There are 2 protein chains.
Amino acid sequence: MTAITLFELAGAEPDRRFSPYCWRSRMALAHKGLEVEGVPWRFVEKERIAMSGQGAVPVLVDGGKVVHDSWNIAEYLEHAYPDRPSLFGGGHGRELSRFYNNWAASVLLPGLFRLIAIDIVRHLHEGDRDYFRKAREARFGQSLEAMAEGREEKVKGLRQSMQPMRATLEAQPYFGGAAPLYADYILFGAFQWARCISPFRLLEESDPVHAWRGRMLLLFGGLAGSAKGYPA
Amino acid sequence: MTAITLFELAGAEPDRRFSPYCWRSRMALAHKGLEVEGVPWRFVEKERIAMSGQGAVPVLVDGGKVVHDSWNIAEYLEHAYPDRPSLFGGGHGRELSRFYNNWAASVLLPGLFRLIAIDIVRHLHEGDRDYFRKAREARFGQSLEAMAEGREEKVKGLRQSMQPMRATLEAQPYFGGAAPLYADYILFGAFQWARCISPFRLLEESDPVHAWRGRMLLLFGGLAGSAKGYPA
């Protein structure tokens, strides 16, 4: 089997891979039992992924096939490798998982971003810092420093917004049930992003979300837990 | 077939059935193609559902079986009527649907409640009004009037919180995909609650959530759309 290539966002250190979207794809590939070569990529290297027709990672190259966007990659893997464990769990799991993707996009990721953006910029390659700061400060209408100010207090609102996760994890070990599915990887990507780039403590140890994250870090021989980052 | 009985919250008018949880069960029963006799029930009539071992509706009675709590009722129906259309869509749909239940419980229902509680009390049976007002004002730490004050402005925040719904409905007609599943009924229950009890306009007509609600109102021969309430 030709190895699959995944272009992944990296910091100044090439092995610091921290994109929440790339982690979704990494976990999805591991779920399917597929080998992958993760290639470090930086924000300004648009030409290196030009073959995908756009400028963001993850970009997956599988033989002659190029797929970008974490959701598209999950759908591609499910379709291209139907005999491997299902990412969506069968039935209408693919359709039911979309809401997770959109909840992460509108609640979890922006909430987290505000708290850890200041740590992201510190870990970026020199050539990426200006690009990142300008683009994100424009999007959020605030300096990275202002976003992080008082984050020990601000994190309480983020924890509150995680209540639907918490209540679900009180009833079952994973969002997919007894074992993780792509819905778990969607949400976990956000926490792994934070862990890889920031020492800031997001979760209280008594939180069921904390315990779930711990289980996720151990999956696939500790794939996510052994990645370069801060202690969970 | 012995008809199933469903105890449903009713207002002063016995045919004004407005509980979001009861509507979930109503839609689930229709999805399964099961006939049901909806029995009006009021908050203070705890003894009438004492056989369920608790004091809230929906309570479903199917032969000798008594089931309470909308989630439990959905699980019961799925298990007891496996040859009827699946509520969870097969695979791990049941597990994946829990997050919808918890998102509704922590975001959608409390957000909506604050805006329409004042209209609920107006429609309640005289004997229920004191109970309702005291219990809810204690829970929310505010008078019903204070909650509703400025609701034309407050509704904007609620609409913003619906963004994960909106983005999902831009990609597919129902949360279950091409056709509705229990995840749709979970969320729809909230909107039907509002429509049955309050003239307040929640959604803009251009909102994909508005269009989805319109489709939901037409399901099963207009079951929800023809129920006593205000125009959607």
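1. Helix α3 (residues 93-123) and helix α6 (residues 151-161) of chain A have axes that come within 10 Å and cross at roughly 170 degrees. Helices here are DSSP runs of H or I with at least four residues, numbered from the N terminus; axes are lines fitted to C-alpha atoms over the stretch in contact, with angles from 0 to 180 degrees between N-to-C directions. α3(A) is therefore roughly antiparallel to α6(A), a term for angles over 145 degrees.

2. This is a predicted model, in which local features need pLDDT of at least 70 and side-chain atom pairs count only at pLDDT 80 or more, while totals for chains, interfaces and linings use all residues. Residues are numbered from 1 along each chain as its sequence is written, and chains are lettered from A and ligands numbered from 1 in the order in which they are written.

3. On α3(A), the contact with α6(A) is made by Val107(A), Gly111(A), Leu112(A) and Leu115(A). Arg151(A), Lys154(A), Val155(A), Leu158(A) and Ser161(A) make it on α6(A). Residues are in contact if their C-beta atoms, placed from the backbone, lie within 7 Å.

4. Chain A is assigned domain 1 (4-80) and domain 2 (93-222), with bounds from an automatic or database domain assignment. The C-alpha centres of these two domains of chain A are 19 Å apart.

5. In chain A, 19 residues of domain 1 are in contact with 22 residues of domain 2. On the domain 1 side, α1 (20-31) and α2 (70-80) of chain A each supply at least two residues. The largest share, seven residues, comes from α1(A).

Note on methods:
Angles under 35 degrees count as roughly parallel, over 145 as roughly antiparallel, 65 to 115 as roughly perpendicular and the rest as oblique. Two residues are in contact if their C-beta atoms, placed from the backbone, lie within 7 Å.
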